[in-house]
Each structure stands twice: as structure tokens, then as C-alpha cells.
Amino acid sequence: MINLWGVSFIDDSHVEAFSSNCIQLAVLCVNYCSKVQGSTLKILIQRCKFLRCLQVQQTNLVAENMTAVEWEKAGALQELDITATDLSTGVITEVLTHIPALTWLSAGQLDGMNDDVLNQ
């Protein structure tokens with residue numbers, strides 16, 4: 001488990017480093033790390049097969065980075081926190097409908113979270 005809640009200098013290069021050096025990583029929390037944009041989430045999901053919890057609350061996730069991830073391959077991922085990430089309805093829907101084992105979601109303060117997403 002790696003918890004870097006609010007560490008201001010953490011960015012995507014750090015997430016990439018964790019994914020290559022901690023392949024048995026189960027929990028990654030980068031909440032309030034405003035320099036995280038998600039450009040290395042695809043690599044994280046590919047490398048860390050045991051990742052069951054990903055917390056990216058109040059980060060600056062970029063839509064293209066989120067849709068580039070092969071969420072279907074995140075077989076162990078059960079918990080996701082995308083609170084206050086400013087993702088659109090389409091991106092939220094694409095991500096949530098492709099995570100096979102999702103059992104816990106935190107998605108507060110998202111303008112894109114609506115009935116369409118819940119229906120999907």
C-alpha cells in the first residue's frame with residue numbers, strides 16, 4: 001500500500017516508478033496530488049495485477065489518459081475514488097462500465113456524474 005495523500009510534488013512519473021518497482025502493489029492513494037494527470041495509469045494497470053484500490057481524488061486527471069487505460073484488464077481493481085476530478089459523463093461511463101470487479105466507488109463532486117452514468 002502506498003499512501004501519498006496531498007504530497008504536492010507527486011506527479012505521473014512517480015506513479016510510473018511505483019508501477020515498475022512495486023508490481024505487487026494493492027492500494028495506491030494519490031488523493032490531492034494535483035500534478036497527477038493519469039498519463040501513467042495505463043502502465044500501472046498493466047503492471048500491477050494485484051491493484052485492488054485506486055484513489056485519485058482531487059487530481060487533475062485528463063480524459064484521454066483515463067480512456068487510454070484498458071480497464072477490462074484491471075481484474076483485481078475493486079475500489080475507485082474519482083471524487084472531484086472533473087471528468088465528463090462519457091469518460092466516467094466508459095471507465096465504470098469496463099472495470100469488471102468494481103464493488104466500491106466514490107464519485108462525489110463530479111458534474112459528469114448523472115442518471116445516464118448510473119443507468120449504464
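Visitor: Which residues does Leu-51 touch, not counting residues up to four places away in sequence?
Guide: This is a predicted model, where local features need pLDDT of at least 70, side-chain atom pairs count only at pLDDT 80 or more, and totals for chains, interfaces and linings use all residues. Residues are numbered from 1 along each chain as its sequence is written, and side-chain values use heavy atoms, without hydrogens or water. Contact means heavy atoms within 4.5 Å. On that basis Leu-51 touches Leu-25, Ala-26, Val-27, Leu-28, Leu-44, Ile-45, Ala-76 and Leu-77.

Visitor: How many residues does the largest nonpolar core have?
Guide: A nonpolar core is a set of buried (under 20% relative accessible area, 1.4 Å probe, protein chains only) Ala, Val, Leu, Ile, Met, Phe, Trp, Tyr and Cys residues joined through side-chain atoms within 4.5 Å. Leu-51 is among those with the most contacts inside the largest one, as are Leu-28 and Trp-71. The size of this core is 34 residues.

Visitor: Which element gives the largest share of this core?
Guide: Helices are DSSP runs (H or I, at least four residues), numbered from the N terminus. Helix 1, helix 2 and helix 4 (89-96) each give two or more residues. The largest share, 4 residues, comes from helix 4.

Visitor: How far apart in sequence are the parts that Arg-47 and Glu-16 tie together?
Guide: The two form a salt bridge (Lys or Arg side-chain nitrogen within 4 Å of an Asp or Glu carboxyl oxygen). Their closest N and O atoms are 2.7 Å apart. Arg-47 lies in helix 2 (residues 41-47) and Glu-16 in helix 1 (residues 12-21), so the parts they tie together are separated by 31 residues.

Note on methods: Buried < 20%, exposed > 50% of the residue type's maximum accessible area, 1.4 Å probe, protein only.
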